[in-house]
Amino acid sequence: RHTLGIGTSSRVMKAFACLFLLALLLPRQGEAKVFEKCELARKLKAQGLDGYRGYSLANWMCTAYYESRYNTGAMNDNGWSRDYGLFQINSYWWCNDGKTSGSKNACGISCSSLQNDNIDDDIVCAKRVVSDPNGMGAWVAWTNYCKGKDLSSYVSGCGV
C-alpha cells in the first residue's frame, strides 16, 4: 500500500497549475475572432471576393463592418430566425442552426460553423447569397450604409 507524501501532492498541484497556465496561453482553434481591417481585407481578396459578382472588396468590407464589426462570433436573434458570423448569415435562408423552423439551408452548412476563426465557409456562403437576384441587397446593412457611398476607407492603407 502506497501513500502520497505532502511533498508529492505539492508537486502534483504545481504540475496542474503549470498545465492550466499553459492551456490559457496556447492559441485555441475554432474560436471566434475579431479581425483587424487589413487582415480581413487581405483574406477576402485572397478568397476572390474583390470584384465577385461586380462588387468591390470595399463593398464586402463595409458589409462585414456593419453586420458584425469584423467579429466572427456575432449572432443576432431576430425572433423567428438568427443571423450568424462575419456576414450575419441568416438561419432561415442560408444555414441550419437546429432552431429555425422550415430552414432552407441553401449554403448546406451549420450556422455554428460561421462563428469560428475559419471564415472560408462564411466566404463560400456569402458568394452563394450574393449570387441570388438581390445581390448584396440581401444585406440590409449594405443597403443602408454601403450602397452608393465612398467606401475607400474600408481598404485604405491595406495595400489591396
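# Disulfides, helices and sheet

Student: Are Cys95 and Cys111 buried or exposed?

Tutor: This is a predicted model, in which local features need pLDDT of at least 70, side-chain atom pairs count only at pLDDT 80 or more, and totals for chains, interfaces and linings use all residues. Residues are numbered from 1 along each chain as its sequence is written, and side-chain values use heavy atoms, with hydrogens and water left out. If buried is taken as under 20% relative accessible area, exposed as over 50% and partly exposed as in between (1.4 Å probe, protein chains only), then both Cys95 and Cys111 are buried.

Student: Where do Cys95 and Cys111 lie, and how many residues apart are they?

Tutor: The two form a disulfide (a pair of cysteine sulfur atoms within 2.5 Å), with their sulfur atoms 2.0 Å apart. The torsion about their S-S bond is about 95°, so this disulfide is right-handed. With helices (H or I, at least four residues) and strands (E, at least two) taken as DSSP runs numbered from the N terminus, the pair links distant parts of the chain, Cys95 lying in strand E4 (residues 95–96) and Cys111 in the loop between strand E5 (109–110) and H4, and the two are 16 residues apart.

Student: Which elements or segments does the link of Cys38 and Cys158 join?

Tutor: The sulfur atoms of Cys38 and Cys158 are 2.1 Å apart in this disulfide, and the -75° about the S-S bond makes the link left-handed. The pair brings together distant parts of the chain, 120 residues apart, namely helix H2 for Cys38 and, for Cys158, the segment after H5.

Student: Which element holds Cys125, the partner of Cys107?

Tutor: Cys107 and Cys125 form a disulfide with sulfur atoms 2.0 Å apart, and it is right-handed because the torsion about the S-S bond is about 85°. Distant parts of the chain, 18 residues apart, are linked here, since Cys107 sits in the loop between E4 and E5 whereas Cys125 sits in helix H4.

Student: What pattern do the disulfides follow along the chain?

Tutor: The structure holds four disulfides. With bonded cysteines counted along the chain, their pattern is 1-8, 2-7, 3-5, 4-6.

Student: Which residues of H2 are buried, and what arc do they cover?

Tutor: In H2 (residues 37–46), the buried residues are Cys38, Leu40, Ala41 and Leu44.

Student: What covers the buried residues of H4?

Tutor: The buried residues of H4 are Asp122, Ile123, Cys125, Ala126, Val129 and Val130, and they are on the same side of H4 because they cover an arc of only 165° around the axis. An α-helix has 3.6 residues a turn, so residues three or four places apart point the same way. The elements that cover the buried residues of H4 include H2, H3, E3 and E5.

Student: Which residues does Tyr52 contact beyond its neighbours in sequence?

Tutor: Tyr52 is placed in the loop between H2 and H3, where it is partly exposed, with a relative accessible area of 24%. Its C-alpha atom is separated by 9.2 Å from that of Ser131, 79 residues apart along the chain. Counting heavy atoms within 4.5 Å as contact, and leaving aside neighbours within four places in sequence, Tyr52 touches Trp60, Lys127, Val130 and Ser131.

Student: Which strands stand at the edges of the three-stranded sheet?

Tutor: The sheet is open, with the order E1-E2-E3 and antiparallel pairing, where two strands pair if DSSP finds at least two bridges between them. Each edge strand has a single partner, so one side of each is left without a neighbour in the sheet, and these edge strands are E1 (75–77) and E3 (89–90).

Student: Over which residues is the pLDDT below 50?

Tutor: The mean pLDDT (the predictor's confidence in each residue, from 0 to 100) of the protein chain is 89, and 81% of its residues reach 70 or more. Where pLDDT is low, the predicted coordinates should not be read in detail. The stretch with values below 50, which has three contacts in the model beyond near neighbours in sequence, covers residues 21–29.

Key
Arc of directions from axis to C-beta.
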